[in-house]
Amino acid sequence: MSGKERLPVTGAQGGLLRLVATGQAESRAELARLSGLAASSVSLRVEELLEARLLVEEGSGTSRGGRRPRRLRLAPSAGLLAVADLGAHHVRLGLLDLSGRPLAVEERACDITAGPETVLDWMADAFDDLLRTHAPPGVPLRGVGTGIPGPVDPASGRVVGPSRMPGWNNYPVADQLGARYDLPVLVENDANLMAVGEARSWPGSDNLMVLKAGTGIGCGVIVNGRLHRGRGAAGDISHVRVRTDSSIMCACGHPDCLEAYASGAALMAALAEVGVAVDRPADIVGLVNDAVPEATSQVRNAGRLIGEVLTVLVNFFNPDVIAVGGSLSAAEPLIAAIRAAVYERCLPLATRDLEIAAARAGQDSALLGAGALLLDAVL
């Protein structure tokens, strides 16, 4: 298994390393321009990072006039990040380099109702297995992160009041993983991680709402290019009350929450009542593609309810993009119904340049988001 080490950077070194890792800078001149440090200070710190084998200098970069500069990039041996996107019935696991590039990604079955101790021990064993199998020799692990399908207190790394996660309330996830690895640990809501990973796929759009429509419903909010957490519940639309002709009690104890009608779990339950059995939310998409009327009707109604909730938020926040991800996002009637509700009810100025579309970053968006946020913690 790869070794575990904290990254040996101090002061401004971390900021310079982050600029190279995120692709914003590839030369000393660009580092000086973006960091605001004097060229001599940048050169000294770059030499220290080269000596520490965290950066390498090679080839020729882009010239801004005069001789082409040597190009800086992260050293392949700089380190690895182990990240996970934990769902209700599965977990997606990845090893990333410090630039966020996936080296290995696996998906495994996992039952979140087994409780935090069992699931987190299993997850750590899976990380160790990935490291043994895929980590390049001698490249150390620098940090560990996981997404959680429930609210997370950003200050403590504890899960707070989750739905369908017995035993997880107030559990110190960050402390348990930190005790196992003694490294920087990131614990974040899964929709927030998806939002961070998805934001990279919308260049020029600094304000996004990224909806995760899977077993549950979540939403991550990007404001001026940065994740907005609030005190941990920012973007949590799952328990907004919706208007319906019936009344269903949500797992939170209140009636008529959005999640009780429009989540994958709610759609599965509604389909089961009419004799259409599915094992997971992704199966609903297959039914919709096969034009099963009960599934199409349920998905379209879910999209309408989601859109009505988003209408208030679009008028208030006025985002550039609403990106819809999660296992239900491949059902076109869902996104079409969301669009119809938002465009019908929102102010024209709020929707004039608004794009509502399926997420672009793919199924690894939460892993990519975890890598980006974990790098900040590591540095």
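Residues are numbered from 1 along each chain as its sequence is written, and side-chain values use heavy atoms, with hydrogens and water left out. Because the model is predicted, local features need pLDDT of at least 70 and side-chain atom pairs count only at pLDDT 80 or more, whereas totals for chains, interfaces and linings use all residues.

Two packed helices are described by the angle between their axes and the distance between the axes. Helices (H or I, at least four residues) and strands (E, at least two) are DSSP runs, numbered from the N terminus. Axes are lines fitted to C-alpha atoms, for helices over the stretch in contact, and angles run from 0 to 180 degrees between N-to-C directions.

Helix 9 (residues 281-289) crosses helix 10 (residues 293-317) at roughly 115°, and the axes come within 8 Å. This crossing is left-handed; a crossing is left-handed if the near helix is turned anticlockwise from the far one by less than a right angle, and right-handed if clockwise. Ile284, Leu287 and Val288 in helix 9 are in contact with Ala295, Thr296 and Val299 in helix 10, where contact means heavy atoms within 4.5 Å. The residues of this contact comprise five nonpolar, one polar and no charged. Ala, Val, Leu, Ile, Met, Phe, Trp, Tyr, Cys and Pro count as nonpolar, Asp, Glu, Lys and Arg as charged, and the others, Gly among them, as polar.

Helix 10 also packs with helix 11 (residues 332-345), at an angle of about 35° and with the axes 7 Å apart. The crossing of helix 10 and helix 11 is right-handed. Eleven nonpolar, five polar and four charged residues make up the contact of these two helices.

Threonine 311 belongs to helix 10. Its relative accessible area is 8%, so threonine 311 is buried (under 20% relative accessible area; exposed is over 50% and partly exposed in between, with a 1.4 Å probe and protein chains only). Apart from residues up to four places away in sequence, threonine 311 touches Ala341, Val342, Arg345 and Cys346.

Aspartate 153 is located in strand 7 (residues 152-153) and is partly exposed because its relative accessibility is 26%. With residues up to four places away in sequence not counted, aspartate 153 touches Arg158, Val160 and Arg231. The C-alpha atoms of aspartate 153 and asparagine 170 are 9.0 Å apart, with the two residues 17 apart in sequence.

The charged end of arginine 360 sits over the ring of tryptophan 202, 3.4 Å from its centre; the criterion is NZ of Lys or CZ of Arg within 6 Å of the ring centre and within 35 degrees of the ring normal.
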